[in-house]
Structure formats: structure tokens, C-alpha cells
Amino acid sequence: MKPEDRLEEKHPMEEFLRMDRMPHIWCSGCGIGIVVTSFIEALQKSGLDPDKVCVVSGIGCTGRVAGYLRLDSFHTTHGRPVPFATGLKLANPELKVVVFSGDGDIVGIGGNHFIHAARRNMDLVVICVNNFNYAMTGGQVAATSPIGANLSTAPYGNFEYPFNLPYLAEASGATYVARWTCLHIRRVTKSIQEALQKRGFSFIEVITPCVTLYARRNRLGDGLNLLRYYYENSEIRHGADTRTLDIGYQGKIIVGKFVDIEKPTFLDCMNNHLRKVLGNKYQPWGVKS
Amino acid sequence: MIYFGELKAKKGLIHINKDRCKGCGFCVEYCPRDVLEMSEEFNIKGYHPPRVINPDKCCYCQLCEAICPEFAIFVTLKEEEEREREKEISRP
Amino acid sequence: MSVRKKSADPKGVLTGVHYLDGDYAIAEGALAAGCRFFAGYPITPSTETAERFAERIPLVGGVFIQMEDEIASVAALIGASWAGVKSMTVTSGPGFSLMMENIGLACMMEVPIVIANVQRGGPSTGLPTLTGQGDMMQVRWGSHGDYEIIALSPDSPQECFDLTIKAFNLSEMYRVPVFIMTDECVGHMHEKVVIPPAEEIEIVERKWYEGPKDKYLPYKPDVDLVPFMVKAGDGYRFHTTGLTHDERGYPVINAECQNWCVRHICDKIRLNADKIIEYREDETDTAEIVVVSYGITSRVAWKAIQDARKAGIKVGSLRLITVWPFPEKKIEELAGKIKAFVVPEINLGQIKREVERAAKGKAPVYPVSHCGGWVHNPNDILKVIKEAAK
């Protein structure tokens with residue numbers, strides 16, 4: 001028997017992982033694995049029935065998360081995990097649907113879907129792993145790349161203004177907005193746990209190192225160097241005004257939980273409104289009678 | 001270590017899956033007790049996995065387990081009897 | 001574990017005799033078939049279906065959501081279908097083009113969805129309020145890669161109702177996107193639609209897997225080449241992806257798996273084509289000329305055929321109910337016996353190419369093309385029939 005097959009050598013999270021697909025494809029020093037660890041920890045602590053938790057991801061490095069989690073998982077087209085998750089959740093409101101994808105996927109090509117799902121306060125948890133580039137395809141500039149960073153399609157440095165994701169999420173109507181780096185492992189876990197137990201559109205941005213592309217092109221070192229940068233430059237400011245959360249190139253990263261409010265979800269609004277207008281003729285959907 | 005009268009500090013036992021490790025060094029860097037260091041051996045993929053150098057110092061904080069991106073390291077709690085047994089063996 | 005047939009849920013069936021337009025009839029057909037999820041985007045001339053669904057679904061029980069665009073609509077349909085709910089959308093040319101990537105995803109994931117395309121004059125923004133039949137090739141080849149779909153073509157609001165139910169049944173039976181290719185003329189035409197009682201409407205449910213959870217393989221084909229399906233939330237912990245995948249649903253990136261995977265999604269329809277293909281024939285066994293038509297054009301062509309018969313020409317009619325898979329064998333069989341085919345359509349000869357291909361040179365094919373904006377003048381079709389008969 002191989003050492004790793006012995007019962008005492010089984011990693012405690014193996015029941016949530018597709019062990020037949022390990023080791024995963026992420027690079028040495030990549031932070032996505034850390035976010036997945038934090039997610040599984042949060043899932044275990046939240047007390048949710050894992051059979052009812054679905055993970056939807058798009059295309060990209062973080063998009064591969066669905067392939068490694070042993071839950072009902074969906075690997076969809078680029079930019080479309082959010083509307084896919086919308087359909088999944090609305091068709092069976094008892095499911096807990098988590099969108100777990102990258103910055104390019106969710107707010108780049110998927111930007112339109114993101115703002116509309118937030119506007120409608122869809123009951124989804126969106127975990128956006130932000131590594132400031134389109135890593136899977138070779139490190140192209142993304143909507144979140146800081147000004148001045150060198151990327152493969154911005155070889156002389158990026159000159160476009162990037163998104164401030166918590167501001168975008170809050171402005172679109174998200175009811176839970178938090179940002180952490182992957183170094184804040186326990187806080188990421190707590191945020192995901194809070195989001196899983198909350199109803200409404202929750203958005204958690206987790207900034208992670210991209211060693212092979214973003215860091216290499218910008219001569220920022222390896223995973224350890226980037227984590228040190230997060231350690232020295234991140235500041236926790238819970239409840240900060242999301243307008244002030246821009247990240248400059250190798251600049252200060254403000255992290256924390258910025259928004260945590262209660263608002264009726266899409267289905268709540270739909271059922272309440274139509275019941276009011278149609279009275280007894282209305283057939284409610286997703287409401288336990 | 002016993003303090004506040006009755007409380008005993010927890011001790012952890014570290015399990016490393018050497019072949020899954022990708023040598024990123026996060027566990028070594030962020031262990032608060034310097035329990036680990038990178039070894040010189042190569043695993044099946046050519047990476048240097050970590051090894052335990054101060055097993056007694058491990059206090060079961062599980063930070064290495066939480067920060068490892070590869071699910072290659074985890075910590076289990078050393079039970080009371082095991083610790084007594086260890087003390088017995090180390091007694092001259 | 002066979003395909004389950006049952007009668008329609010009476011909640012969704014508006015039994016009676018109605019005066020509806022084609023778009024409304026599609027909505028009623030969907031509700032009768034058990035569709036409880038609609039995610040769409042307004043586009044002329046299909047918007048009426050969405051409007052009707054939005055009005056009716058709160059009284060039947062389900063979800064109507066107007067998504068931010070057509071791309072999101074199809075993504076939501078696929079998600080809803082994985083949750084076990086029958087779902088559909090409607091669109092027209094420009095929206096149809098947007099949907100293509102996710103249609104490919106639906107084919108790859110083998111998900112039953114129904115999309116109605118109320119065709120209008122194209123390309124691009126084209127003639128938003130006037131009829132066309134220019135998307136017939138796009139429905140078959142619009143997305144990238146090799147795949148197979150099923151496309152139906154109704155010629156009246158009554159057929160819109162009936163074929164929508166058939167579309168849902170076919171999609172559930174074969175785990176494939178099914179398209180209802182109407183057009184603005186049928187969509188906006190008001191006619192009598194008879195909706196029978198719920199017990200008389202036969203509905204097909206997808207093949208649900210009922211075996212042990214740990215032995216479930218999401219893409220292992222059954223004897224009829226269609227894999228068993230499950231839904232999210234039932235504890236099967238399945239994985240599905242748009243990447244080339246094996247029976248477990250896991251991505252496998254090599255030529256061998258690609259060969260298995262792509263051939264499987266194509267063979268599923270190709271090898272079952274005989275069970276899927278449907279057409280209506282009239283006097284084709286004694287014909288010299290056969291008019292191959294579909295949709296609204298077939299009604300205009302019928303007048304031309306009557307006039308041609310009065311003029312002494314032996315004309316038969318082959319009206320396609322399923323345009324895809326294309327009835328190649330029937331065309332080849334007729335080509336060996338008749339003098340010529342005449343294919344009138346409101347496009348520059350899209351299905352005419354298919355007829356030519358299937359005829360394999362044994363009979364010439366005369367198109368009667370019209371770019372769109374209006375239906376044919378029956379005399380134009382008559383003229384070509386007469387010329388073909390010379």
C-alpha cells in the first residue's frame with residue numbers, strides 16, 4: 001500500500017475533493033489552492049448539506065476549481081457562470097449555488113452578467129479569485145490589472161484604468177461584499193462561511209499570486225515574495241467606503257468586509273409582488289408552503 | 001507545557017504528502033514555530049518537499065494545513081497517551 | 001429503466017378552442033409540455049411568446065426571467081435544465097447568433113433545452129418586422145465544431161402548439177437542444193388553435209438514473225445511445241464540462257477522447273435519425289415533380305401545387321416537419337424516380353443545397369428563392385414548377 005493510501009495519511013478534506021484528479025494543475029506558488037482549502041473549510045463549518053451545494057465556474061485557471069471539488073460541479077463557458085448559476089438556483093431554490101471563478105471570467109467577459117445578477121440580488125455566492133490577469137491563456141491584461149503592470153498584451157505596461165471590484169459589486173447591489181488576500185486564510189474562510197449562510201448576492205474577492213505569469217513578467221519574484229507583499233501592504237478596514245479601494249501597482253491593498261446588509265432576493269421580490277397583485281391565483285415558486 | 005493551572009498546550013503531528021508537494025515554501029515560511037524547513041530531497045516531480053525539523057515545537061495551529069495550496073500537508077492532534085509515551089522514550 | 005411517457009400536467013394546459021397567433025401558441029405549447037422556466041430577451045418578432053409566458057407562468061407555477069442578453073438566456077436555460085426543470089427561450093436572427101456558443105455548450109453537456117427562432121429577414125438587423133427563413137443552415141452549423149441538433153418547422157399556429165410539445169419530447173428523449181424554426185409570418189398570424197385536454201397530450205420525461213450513486217457515469221451511453229441523466233442536488237456529485245470529456249464527465253484532453261466524445265454526440269442523433277425524421281407527403285409516389293418545402297412557404301406552395309395539378313402536371317409535395325436531421329434517404333429515393341425537385345424558400349437556397357446533396361445528381365433541383373420581407377407569390381412557384389416539368 002502506498003503511504004498516501006493509508007487511512008491516517010488521508011488529508012481531512014479529501015471527501016470534498018475529486019482525488020482521482022489530484023494533483024491539480026495549478027502552478028507552484030499559485031494561490032488558488034489556498035482559496036479552495038479555505039472554501040472547503042468554510043463549507044464544513046457552515047453545516048450545509050454538501051449534496052445541495054453546487055459549484056459553477058467558468059474558463060480560466062480558477063475556472064478549473066469545479067473540476068476538483070466533489071460536489072455537483074459545472075464547468076461552463078467563458079464569462080457565463082453567473083447566468084448559469086442563476087438558472088440553476090431559480091429552477092431549484094433549495095440548492096446553494098456558489099460561483100467560483102476568476103477576475104477575467106466574472107468581471108471581464110462576464111461583466112454584464114455580474115452587474116445584473118447583483119442588481120437583482122440573486123441568491124448566489126460569488127467567489128472571485130483576482131490575480132490581475134488572464135492567466136490561463138498566458139498572462140494578458142485584464143479589467144483588474146493595475147496601471148503600469150507589464151502583461152503580454154500590454155508589453156509596454158498597462159495604461160487602462162482597472163476596476164475596483166468591491167465598488168462595482170456594491171454599486172450593482174450586492175448585499176455582502178468583502179475583499180481579502182489568500183494570505184488571510186482564516187478570514188477568507190469566515191467570509192465564505194458568512195456568505196454561505198446569508199441570502200442574497202454575496203461577493204468575495206480574494207487576491208492571489210500568479211507566479212508563472214503576472215509575477216514573472218513583472219519581476220515580482222515567486223509566491224513567497226507576493227505573499228510578503230500582501231503581508232506588508234494589506235490593511236484591514238472593515239466597513240470602508242468602497243470608493244476608496246483602488247489598488248495601484250504594488251500598492252496598498254485594503255481588505256475587509258465592506259458591505260453586509262439584508263435585502264429581499266429576486267425570488268422573494270417575485271413571490272411577494274405577484275402574490276400581492278394576483279392574490280390566490282398566484283402559484284408561488286420556491287416557497288415552502 | 002502547563003499553564004493557568006490545568007491547561008496543557010496542544011501538540012500536533014505533521015503529515016506530509018511528499019509527492020503532491022510543489023515546493024512553494026508557504027508552510028515553511030508561515031509556520032509560527034519554525035517546525036518545518038525545505039529538504040534537499042526531490043519528490044517525483046522534481047520539487048523539494050518540506051520536512052519536520054522541530055516536531056516538539058508544533059502547537060497544532062494548523063496554519064501549514066490551511067495555507068498549503070496542494071493539500072499536501074496536514075496536522076493531527078497528538079493524544080495524551082502518545083505524548084506520555086514520547087516522554088517515556090526520551091527519558092534517559 | 002426506459003423513457004418515461006405520461007400525460008401533461010393539467011395546470012399548464014389551456015384546454016379549449018382558441019384564436020391565437022403562432023408566438024402565443026408556442027408559449028401555450030411549452031406550458032402544456034411542462035416547461036416551467038423561461039429565460040429570454042425581447043426581440044421582434046418573438047417577443048409575444050415571452051410576454052405570454054410572463055403572463056401565464058405565475059398562474060401555473062414557474063419562473064419567467066428576462067435576462068440581460070441572449071447569451072445569458074441560454075446559460076440560464078442550461079443551468080435550469082440541470083436542476084431538472086424543462087426550460088425554453090425564444091429569439092430571432094440577431095439573438096440566435098448570440099446564443100451560438102452556449103448552444104454548443106448544451107450539445108456538449110447533452111442538456112435538453114428548447115429554443116424557438118421566429119425568423120426574420122437577415123442578415124444582421126435586417127428586417128425586424130418582416131418574415132424570412134434565412135437561419136435554416138445556421139441552426140444546424142451555427143456553433144463551432146461537429147455536433148447534431150434537431151430542428152422542426154411549423155406552418156401554422158396550430159402546428160406551433162403541437163410541434164412545441166414535440167420539441168420538448170424530442171429534447172428530453174435525446175438530451176439535445178431542439179429548435180422550433182418558425183418565422184414572423186406564422187408567429188404573428190392569428191388562427192384557430194385547438195388545445196386538447198391534458199390526458200390526451202403525451203409528454204416524455206428524460207431518462208432518470210436510478211442505480212447506485214457511486215456507479216453513476218454521467219456520459220455513458222445507454223442502448224439507445226443516450227446517457228442517463230440526474231439533476232443537481234440529488235447527491236450524485238457529478239461534474240460536467242464543456243471541455244472534451246470522457247464517460248465520467250471529466251475533461252480529457254487528447255485525440256482519443258475527442259474522437260469518442262464528438263462521435264458520441266453526433267451518432268446519438270445520426271443513428272437515431274430514422275426515429276426522429278418526420279415529413280408529410282402528398283402524391284409523391286406518382287409525381288414527376290416534387291416540391292420540397294417547410295414552414296410558411298409550404299402553405300403558399302400548396303396553392304401553386306394545386307394550380308400545377310390543374311394544368312396537368314403530376315406534382316407531389318414533401319413538407320418537412322423536421323428539417324434537421326435532414327431526410328436524406330427520402331430525397332435520394334424520390335430522386336431516383338422523379339424528373340426534378342422544386343424547393344421554394346425564403347432564403348437564397350439553403351435547404352435547396354441539402355436537397356441537391358441528398359439527390360446525388362439523380363434529379364435536378366430548381367430553387368425558388370426569395371430574400372425575405374414577404375412570402376412568395378404562388379405564381380412564382382408555379383412558373384418554376386412548369387419549367388421543371390418541361
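Begin by selecting chain A together with chain B, where the contact takes 22 residues from chain A and 16 residues from chain B, two residues being in contact if their C-beta atoms, placed from the backbone, lie within 7 Å. This is a predicted model, in which local features need pLDDT of at least 70 and side-chain atom pairs count only at pLDDT 80 or more, while totals for chains, interfaces and linings use all residues. Residues are numbered from 1 along each chain as its sequence is written, and chains are lettered from A and ligands numbered from 1 in the order in which they are written.

On the side of chain A that touches chain B, highlight α1 (32–46) and α9 (223–233), each of which supplies at least two residues; helices (H or I, at least four residues) and strands (E, at least two) are DSSP runs, numbered from the N terminus. The most comes from α1(A), with 5 residues. Coloured by class, this side of chain A has 12 nonpolar, 7 polar and 3 charged residues, where Ala, Val, Leu, Ile, Met, Phe, Trp, Tyr, Cys and Pro count as nonpolar, Asp, Glu, Lys and Arg as charged, and the others, Gly among them, as polar.

Next, show chain A on its own, with its 10 helices and 10 strands. Its C-alpha trace spans about 65 × 55 × 35 Å along the principal axes, and 56% of its 289 residues count as buried, a residue being buried if 20 or more other C-beta atoms, placed from the backbone, lie within 10 Å of its own.

The contact takes 35 residues from chain A and 39 residues from chain C. On the chain A side, α2 (65–68), β2 (72–75), α3 (81–91), α5 (111–119) and α10 (266–278) each supply at least two residues, and the largest share, 8 residues, comes from α3(A). By class, this side of chain A divides into 15 nonpolar, 12 polar and 8 charged residues.

Zoom in on β2(A), which is joined by 3 bridges to strand β12 (residues 239–241) of chain C, the two running parallel; strands pair if DSSP finds at least two bridges between them. Here A:F74 stands opposite C:T240.

Stay with chain C and select its open sheet of 5 strands, which has the order β13-β15-β14-β17-β18 with mixed pairing. At the edges stand β13 (279–282) and β18 (365–369) of chain C, each with a single partner strand, so one side of each has no neighbour in the sheet. From one strand to the next the twist averages 20 degrees, with axes being lines fitted to C-alpha atoms, for helices over the stretch in contact, and angles running from 0 to 180 degrees between N-to-C directions.

Within this sheet, strand β17 (residues 340–345) of chain C runs parallel to β18(C) and is joined to it by 5 bridges, where C:V343 has C:P367 as its bridge partner. Helix α13 (residues 378–389) of chain C packs on the sheet, touching β14, β15, β17 and β18 of chain C, and its direction makes about 165 degrees with that of β18(C).

Finish with helix α11 (residues 328–335) and helix α12 (residues 350–359) of chain C, whose axes come within 8 Å and cross at roughly 65 degrees. To see what makes the contact, select C:E328, C:I331, C:E332 and C:A335 of α11(C) with C:V355, C:A358 and C:A359 of α12(C); by class, there are 5 nonpolar, no polar and 2 charged residues.

Definitions and conventions: A residue is buried if 20 or more other C-beta atoms lie within 10 Å of its own, exposed if 12 or fewer, and partly exposed in between; C-beta atoms are placed from the backbone.
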